[in-house]
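This report covers the fold, strand pairing, salt bridges and surface of one protein. The sequence and model come first.

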Amino acid sequence: MGLLGDAMKARRMKDPVDGTAQVVGSTQPPESATSGNVNLNLVVQAEGVEATSVEHSCLAPTKKWPYPGETLPVTFDRADPTRL
């Protein structure tokens with residue numbers, strides 16, 4: 001969910017929409033690293049788009065690790081909300 005990565009993916013989407021992702025579940029951060037892979041269970045939504053459950057994996061810095069209960073800004077494909 002990095003800024004540059006999101007911008008590049010949004011360009012390839014046919015109908016990108018800015019919305020939010022509610023973190024429902026996430027793996028724990030690595031103890032001795034500055035970043036790591038995180039597996040997320042999210043509910044994404046935006047104006048005019050039904051809330052959709054999504055599983056997503058990405059690299060995250062441990063200082064900004066997403067935890068359940070947090071709301072994250074996302075850009076996703078209106079036709080395929082699993083594309084973040």
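## Fold

How many helices and strands are there in the protein? There are one helix and four strands, where helices (H or I, at least four residues) and strands (E, at least two) are DSSP runs numbered from the N terminus. Read from the N terminus on, the order of the elements is α-β-β-β-β.

The model is predicted: local features need pLDDT of at least 70 and side-chain atom pairs count only at pLDDT 80 or more, while totals for chains, interfaces and linings use all residues. Residues are numbered from 1 along each chain as its sequence is written, and side-chain values use heavy atoms, with hydrogens and water left out.

## Strand pairing

Two strands pair if DSSP finds at least two bridges between them. Strand 1 (residues 16-26) pairs with strand 4 (residues 71-77) in the antiparallel sense, over seven bridges. Within this pairing, T20 has P73 in strand 4 as its bridge partner.

Strand 1 also pairs with strand 2 (residues 35-46), again in the antiparallel sense, over six bridges. Here the bridge partner of A21 is V44 in strand 2. In a regular strand the side chains alternate between the two faces of the sheet.

## Salt bridges

A salt bridge is a side-chain nitrogen of Lys or Arg within 4 Å of a carboxyl oxygen of Asp or Glu. A search of the whole structure finds two. One of them joins the side chains of D15 and R78, at 3.1 Å from N to O. This pair links distant parts of the chain: D15 lies in the loop between helix 1 (3-12) and strand 1, and R78 in the segment after strand 4, 63 residues apart.

R83 forms a salt bridge with D77, with the closest N and O atoms 3.4 Å apart.

## Burial and surface

Buried means under 20% relative accessible area, exposed over 50%, and partly exposed in between (1.4 Å probe, protein chains only). D15 is partly exposed at 35%, and R78 is partly exposed at 34%.

Of the 84 residues of the protein, 33% count as buried. The accessible surface comes to about 5,600 Å², and 51% of this belongs to carbon and sulfur atoms; the areas come from the Shrake-Rupley method with a 1.4 Å probe, and for residues only the protein chains shown count as cover.

## Contacts

Contact means heavy atoms within 4.5 Å. Among contacts in the protein with a separation of 6 or more, 62% are between residues 24 or more positions apart.
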